[in-house]
Amino acid sequence: MNTAVLRTEIRLFRREPGGIFWILLFPTLLLVILGSIPSFRRPDDSLGGLRTIDVYVPVAVLLGLIVGGLQSMPQTLTGYRERGILRRMATTPVRPAALLSAQMVVYGGAALGSALLSLAVGRLGFDVRLPEQPFGYALALVLAVLVALALGAVISALSRTTKIAGAIGSAVFFPAMFCAGVWLPVQAMPDVLARIVGCTPFGAAAQALNQAAAGHWPGWTHLGVLSVWILLLTGAAGRWFRWE
Amino acid sequence: MAPVIEVTDLRKSYGGRAAVDGVSFAVEEGEIFGILGPNGAGKTTTVECVEGLRVPDAGRVRVAGLDPVADQEQVARVLGAQLQQSELQPKLTVREALELYAAFYPRPADWRPLAERLGLTPKLDSRFARLSGGQQQRLFIALALIGDPRIVVLDELTTGLDPRARRDTWHLIEDVRTSGVTVLLVTHFMEEAQRLCDRIAVIDKGQVAALDTPTGLIRRSAGATVVSFTPSAPLAEPDLYALPALASVEHRDGRITLTGTDETVNAVISLLARHHVTAHQLRVTDATLDDAFLDLTKEEAV
């Protein structure tokens, strides 16, 4: 990690209004729109007595890191390779890996910022209770960020051009959003579907976050599924990533 | 003193095709060493092995006594590189790029005079994507020099620069050398090579076709001296072809152009005198590096 590189990448991220909107603001905006529908603020029996707005806070939390990790980061990294920026850096005493790790810190940080914003707006705007098991929630959130970054790194590794990165990113983006519960919260999914979704990175993350939000320690199976995905995807990215 | 760059029997293939096939040369401290050759001759691959960007298949490369692959970080501290094709982050400004790259080195040069010298001062707040091709090129030259290196490798230094900026850049490179920096210059501009280089390796089909000073290369080529004139009366062909050390004969609109050596010139003058032929507009010129280059890299007749 090189601080000059990190500072530069943070500065460059701030110059991307698209990235700032979709990662930092869009998930919370979605939450506000859903929360402004009166029926979503009433307890719902099919959600185990929770209100729709309650179950959408973890969804919004995951949404920011899915956008950042799967859509934005692979585009940036592939672009850096395509434009020879990584190669240029390879001729300096700083290794191009510094650029990769700075990117991960930037997008990981933005995703965490987006998550905190969603939690804060949920609490202040719609009276959604803060996670009752904060340590379990933090652990699940950190694992979710790591899995999103690892998946993004795999997409960058597999994509020769930014166009391909965009296409693969979108192809993975929609299933990831489905698993995170954007269309149908995991709590409302039929059992079999919930179990299948629980084997995917973002399905497991959603269930772990829900448990921690309700005050339980997240299930070890969910945390285990996340950890296995992180290891697999990081290994794959390391094996396939090309500097040029 | 040991050479600052040593390349010995370097080989590198891509997909079974040899790009560099046994290249050897040594660059002395403080010289401007040129690598000249047609497109696809293996010039860039050779310098990429020197920069540590590529791993040679065989052979030995030493930069300041270090292996550019095994000791990449140490080599990067003493070697500044300008690559043939690379970009920077589109929204990075010139000032930010200079500050960022300066932060990579333990004892960087002050970037302000460097930017001034390269005419980048008015562009310090411009983003990379908004710079013209020539401005981008000048920024890359600045980045190659920013670590205050012992050696700079410049690949297609003045491509994309207008004639004025090209001449300014040549001055800069001469100043850089005066301050004791060794320059490895890849080019296909003959004028640039002839003006700047102390020695030149001509690379063709992955091999060193010749290695000499620019004057040495010209002298060595078959047609080092060019003599042209319009004879007052026709000259017999056999007489012309019998001239010593003759390399070529060309007739155009009654004008004869011969290439050869000084010996050829003397013989032509005696020939004209013997036949009482007057030579109008007699011109004797040295061949340029261009001619020498074409002679050295010409395709063998099959």
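UniProt positions here follow the numbering used in these notes, feature names are shortened, and annotations may be inferred rather than shown by experiment. I was working on a predicted model, in which local features need pLDDT of at least 70, side-chain atom pairs count only at pLDDT 80 or more, and totals for chains, interfaces and linings use all residues. Residues are numbered from 1 along each chain as its sequence is written, while chains are lettered from A and ligands numbered from 1 in the order in which they are written.

**Confidence**

I checked the scores and found ipTM 0.87 and pTM 0.84. Within chain B, helix H3 (residues 94-102) has the highest confidence, at 96, and helix H11 (residues 289-296) the lowest, at a mean of 78. My helices and strands are DSSP runs numbered from the N terminus (helices H or I, at least four residues; strands E, at least two).

**Chain A, the annotated stretches**

I looked up the record: an unreviewed UniProt entry places "transmembrane region" at residues 20-40, 55-73, 94-117, 137-158, 165-184 and 220-241 of chain A. Residues 20-40 of chain A are 76% helix and 0% strand, with end C-alpha atoms 27 Å apart. Residues 94-117 of chain A come out at 88% helix and 0% strand, with 34 Å between the end C-alpha atoms.

Helix H5 of chain A (residues 97-126) has 30 residues and reaches 42 Å from first C-alpha to last, close to the 44 Å expected at 1.5 Å a residue; the expected span is 1.5 Å times one less than the number of residues. Just after H5(A), I noted a positive phi of about 60° at A:Asp127.

**Helix H10 of chain A**

Which residues of H10(A) are buried? I count a residue as buried if 20 or more other C-beta atoms, placed from the backbone, lie within 10 Å of its own, exposed if 12 or fewer, and partly exposed in between. The buried ones are A:His222, A:Val225, A:Leu226, A:Trp229, A:Ile230, A:Leu233 and A:Ala237. They fall within an arc of 135° seen down the axis of H10(A), so they line one face of the helix; the arc is that of the directions from the helix axis to the C-beta atoms. Their cover includes helix H6 (134-158) and helix H9 (201-213) of chain A. On the face turned away from the buried side I found exposed residues, among them A:Trp220, A:Leu231 and A:Arg239.

**Where the chains meet**

I call two residues in contact if their C-beta atoms, placed from the backbone, lie within 7 Å. On that basis 14 residues of chain A are in contact with 20 residues of chain B. Helix H1 (3-14) and helix H4 (85-90) of chain A each supply at least two residues of that side of chain A, and H4(A) gives the largest share, four residues.

**Chain B**

I logged 11 helices and 13 strands in chain B. Of its 302 residues, 41% count as buried.

I then picked out B:Ala64, in the loop between strand E4 (58-63) and helix H2 (72-78) of chain B. B:Ala64 is buried, with 20 other C-beta atoms within 10 Å. Leaving out residues up to four places away in sequence, B:Ala64 touches B:Val4, B:Val78 and B:Arg150.

Terms used:
pLDDT = per-residue confidence, 0-100.
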